[in-house]
Amino acid sequence: MRFESLRSNEDFITRKFEKSDYSMCLYYFCTVCNEEDIFKKLIPAFYNSDSAAAYELYVRSFPSWALAASDADAIPKLLSGSVAVMLNEQLFLVEIKNYITRAVDISTEENVLQGPKDGLSENLDTSINLIRNRYRSEALRAESHHAGNKSNTKLVMMFDEQLIDKADLAAFKLKVAKVQVDIVQSAGQLQKNLIQNKLNLFPLFLTTERPDRVVRSLSEGKIILLLEGSSWALIGPVTFFDFFKSMDDPVQMPIIGQFLVSIRYIALLITLVLPALYISIISYSPDLLKVQFALLVAGSRMSVPFPSYIELIFMLIMTEFLIEASIRLPKTISPTATTVGGLILGQAATQAGLVADVMIIVISAVAISNFVVPVNAMHQAIRIIRYPLILFASFLGTIGVVVGLLALVAYLCSLKSLGRPYFKLL
């Protein structure tokens, strides 16, 4: 009996159809196949065919059909939405998938003021349709791959054959082939498995849900990896500076676009350096400040019983709690709860004398600047990098900040994305 290992599944269907001179058996999962199409396309044609050979020609006319050598070869296809047709002791596979997905929706995580609003879909065909409608080049290629030993998730690698660097393409394919995990469900999870150094903090691939960003990356000779079941795409190779570009930049007038990019790099410096610089100046080099400002800071810290680094780390951790709460809480109460919580926390801490008034200003500037970075994966990395810089500043003062920044630049220069320098300026 065929497919004995699958018969215990309630949704596995076996149906036999007979005529006077030949018969046919269908095997499929009703939960992943479109039964309406099966009843319309496969069964009526069987009764209307004059012979088994005529019906076999009909089955071979489907755009996605295959001939399975054994049951073991057919099972992965059955689990992916194909119907097994047993005819003349031959096992044909016809894809009649019923893939339930949402319609094309707006991009929710990468907001822009101008430009397209639609985002990629969990359905690969829909995502590829959005990309091809924007990038109508005969050089555009789409190659199919799979990842996940149990999920067998379909991946589609897209690139412009005329612009792509063959070494980059070979490196990307090799990394995808080396992914050995049971389940792959998201682009972020796939990115984590593509990066060999598990201690790496910075994203070496750019994740996006915007078709227009994908198209711009294709025009720059980059590789796009789409994942079945995920509305996010992976882009590589990338540089550190790609994470500070927004899809609003090309739309703006050149001077305005450059100004907005400059604002992001200023925000990067503030969110990265300001906490460590505050500690180094307050604790080690107050003479760098004007007398009036130094006295103002000293006066605000008179009631604070902790050193400046403990005060700063305490407030940063509270800010991290607020950020996580805003993500995890239901959307209906998240803005109100986190805003009220932040205001109460800041006011109560200053009134109780646990933190200085200047510290609240520093923490607010750091939190706001962190979210100016347009790509989520990058500002998550920046949130982590702040803490080693704070430790350097706590032990070595201003020199520690300089040493920490030099170490960070050296670390970024050592990273590579698909063999390309990660910290390359151009």
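## Domains

Domain bounds here come from an automatic or database domain assignment. The protein chain splits into domain 1 (4-95), domain 2 (124-238) and domain 3 (254-421). The C-alpha centres of domain 1 and domain 2 are 33 Å apart.

This is a predicted model: local features need pLDDT of at least 70, side-chain atom pairs count only at pLDDT 80 or more, and totals for chains, interfaces and linings use all residues. Residues are numbered from 1 along each chain as its sequence is written, and side-chain values use heavy atoms, leaving out hydrogens and water.

## The open sheet

Helices (H or I, at least four residues) and strands (E, at least two) are DSSP runs, numbered from the N terminus. Five strands form an open sheet, ordered 6-7-9-10-8, with antiparallel pairing. Two strands pair if DSSP finds at least two bridges between them. Strand 6 (140-147) and strand 8 (206-208) are the edges, each pairing on one side only.

Strand 9 (residues 223-227) pairs with strand 10 (residues 233-236) over 4 bridges.

## A helix pair

Two packed helices are described by the angle and the distance between their axes. Axes are lines fitted to C-alpha atoms, for helices over the stretch in contact, and angles run from 0 to 180 degrees between N-to-C directions. Contact means heavy atoms within 4.5 Å.

The axes of helix 8 (residues 254-283) and helix 14 (residues 398-414) come within 8 Å and cross at roughly 155 degrees. That makes the two helices roughly antiparallel (over 145 degrees; under 35 is roughly parallel, 65 to 115 roughly perpendicular, the rest oblique). Residues of helix 8, including Leu 272 and Ser 280, meet residues of helix 14, among them Thr 398 and Leu 408.
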